Amino acid sequence: MVIKIKKICCIGAGYVGGPTMSVIADRCPEIFVDVVDKNVERIKLWNSTNLKDLPIYEPGLEDIVKRRRGKNLTFSTNIKEKISSADMIFISVNTPTKTKGIGAGQASDLKWVEACARDVANFATGHTVVVEKSTLPVKTAEVIKKILEASQIPINFETKKSFDVLSNPEFLAEGSAIKDLEYPDRVLIGGENNEAILALNDIYINWVSPEKILHTNIWSSELAKLTANAFLAQRISSINSISALCENTGADVKEVSRAIGLDSRIGSKFLNSGPGFGGSCFKKDILNLVYLSKYFGLEEVAEFWEGVVKLNNWHQHRLSRLITNKLFGTISGKKICILGFSFKANTNDTRESAAITICKDLLEEGAFLSISDPKVNKKQIEKDLKSYSLNNLNYSEISDFFNYEGQWAFEEDINNAAEKSDAIVILTEWEEYLNINWEEISTMMRKPAWIFDARSILDPKEIKDNDLYLWRIGNGQSND
Ligand code: NAD
Ligand code: UGA
């Protein structure tokens, strides 16, 4: 039986569901794509007239939404209706780490995936291909199948509905989501029924060359996604561990990265030392792998991967300790300017951002922080730093910040953020920060003043020529 897909429904209008479905709608104009979510506010934003108000910032996304929305792409909360009319349903909901119960702190919380499976079981009609787009522990497809099968019981000898389940994990990275979706390194489709696999294959074939579309069994597909993230995160922890060694030995981590990256067996990508990996997935996916390994009694395997997360945590706290130590061992009464709050450039996402850990550490030590980011807004930072007071001050009237210990302000303007600060800490590699006028900034800071470049993006000479002390991640020679 050939399965022809005319209507897609995606449950979950988040960082993955929104951009992925926009690209499918763009590349397959003959397919209708309905994105549904239970979050009314999020859906409202996806339908904003002003495209600048879309809930997710991704370069290239606005243009696609402008082209397809209202034509073959819709965003709504009509979950029941859109499920019932779809031939293919993508489950693209959040799968965070469990916070309580069995496996708390490591296993994935699958309650949203299960809720979706139940909705699909209840509302789907005819034959439906259900696609796991969320990142899931191995064997989740079995759970989904069981729930769907329970709804397939024939009524009056007539089977009303039937299902296929596929795994099609997403490999996009935030900030480059549209490019990653339009030009993927590979597309992975795991499943048992060849007709269902071909139905999904037929969608991707509209813009992805066939040799890049891999067909595997469903469990390999689920495990490959966790493994890909674990390997990427492991490279970052590896290079960050070396950055600490560089700082102590006089080596420069940039030179070390370049030297090892030229070995074609190692490769040059994902070797930039920074403030520690963030984002919603690396930590959760590794912890998921740790949980699975323990579940199968593979303690050594679990310990190996857990080490990647431990190193990342240590590294983030290492940076905040180092900042305090450089500022004569105390930061209370001092203003520290934080440039960059998102977990990487070109996204407004702050989930698991190293900035959250580092800012909390500095606030605990009594600093006053002025935080600036080109895309993250004050409301989001308030959520992330919820137990610390927000206090937008008039800096011209203040000579020291002793009365504002453990408080923070949001500044859009970098000069305001830097005014009267003792240090500037660069935590995200935003392009804007490459064009800072250090001559001007230097005159506004309280001396001696430090620049902490946790992304190694600044020109050291320019900083030093402007009467500023510089610390650069992984640089054991030029750090003051
Ligand atoms: P997200 O939190 O941005 O979006 C998930 C959306 O699902 C939310 O808007 C939520 O309201 C909605 N939702 C949850 N349960 C629902 C239900 N029962 N019915 C309707 N809507 C529901 O999450 P995300 O970042 O898009 O991640 C989704 C999945 O994709 C996760 O498993 C993640 O690991 C994986 N993933 C994420 C990325 C990424 O870059 N963010 C990349 C690859 C894979
Ligand atoms: C990552 C993967 O790259 C995607 O393939 C995957 O689909 C996604 O996770 C997911 O499953 O969610 P993402 O988290 O969006 O994508 O961003 P990355 O570019 O991987 O960066 C993750 C973190 O590592 C960021 O904090 C980034 O600053 C840091 N990083 C990255 C470094 O510190 N150094 C590097 O060399 C690269």
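**View 1. Helix H13 and what covers it.** The cover over the buried residues of H13 includes helices H12 (299-326) and H14 (378-384), along with strands S9 (335-339), S10 (368-372) and S11 (408-410). Contact here means heavy atoms within 4.5 Å. Helices (H or I, at least four residues) and strands (E, at least two) are DSSP runs, numbered from the N terminus. This is a predicted model: local features need pLDDT of at least 70, side-chain atom pairs count only at pLDDT 80 or more, and totals for chains, interfaces and linings use all residues. Residues are numbered from 1 along each chain as its sequence is written, ligands are numbered from 1 in the order in which they are written, and side-chain values use heavy atoms, without hydrogens and water.

View 2. H13 spans residues 354-364. Its buried residues (under 20% relative accessible area, 1.4 Å probe, protein chains only) are Ala-354, Ala-355, Ile-356, Ile-358, Cys-359, Leu-362 and Leu-363. Gly-366 follows H13 and has a positive phi, near 100°.

**View 3. The shell around ligand 2.** 19 residues surround ligand 2 (a heavy atom within 4 Å). The closest are Phe-171, Leu-172, Glu-174, Asn-272 and Cys-281. Helix H9 (residues 218-249) gives the largest share of the shell, four residues. By type, the shell holds eleven nonpolar, three polar and five charged residues. Gly counts as polar, and Cys as nonpolar.

**View 4. Polar contacts of ligand 2.** A polar contact is a pair of N or O atoms within 3.5 Å. A backbone N or O atom of Glu-174 lies 2.7 Å from a ligand 2 oxygen atom. For a polar side-chain atom of Asn-229, the distance to an oxygen atom of ligand 2 is 2.8 Å. For a backbone N or O atom of Gly-278, it is 2.9 Å. Taken alone, ligand 2 exposes 700 Å², and the protein buries 90% of that. Accessible areas come from the Shrake-Rupley method with a 1.4 Å probe.

Definitions and conventions: Polar contact = N/O pair within 3.5 Å; in protein donor to acceptor, adjacent residues only side chain to side chain. Buried < 20%, exposed > 50% of the residue type's maximum accessible area, 1.4 Å probe, protein only.
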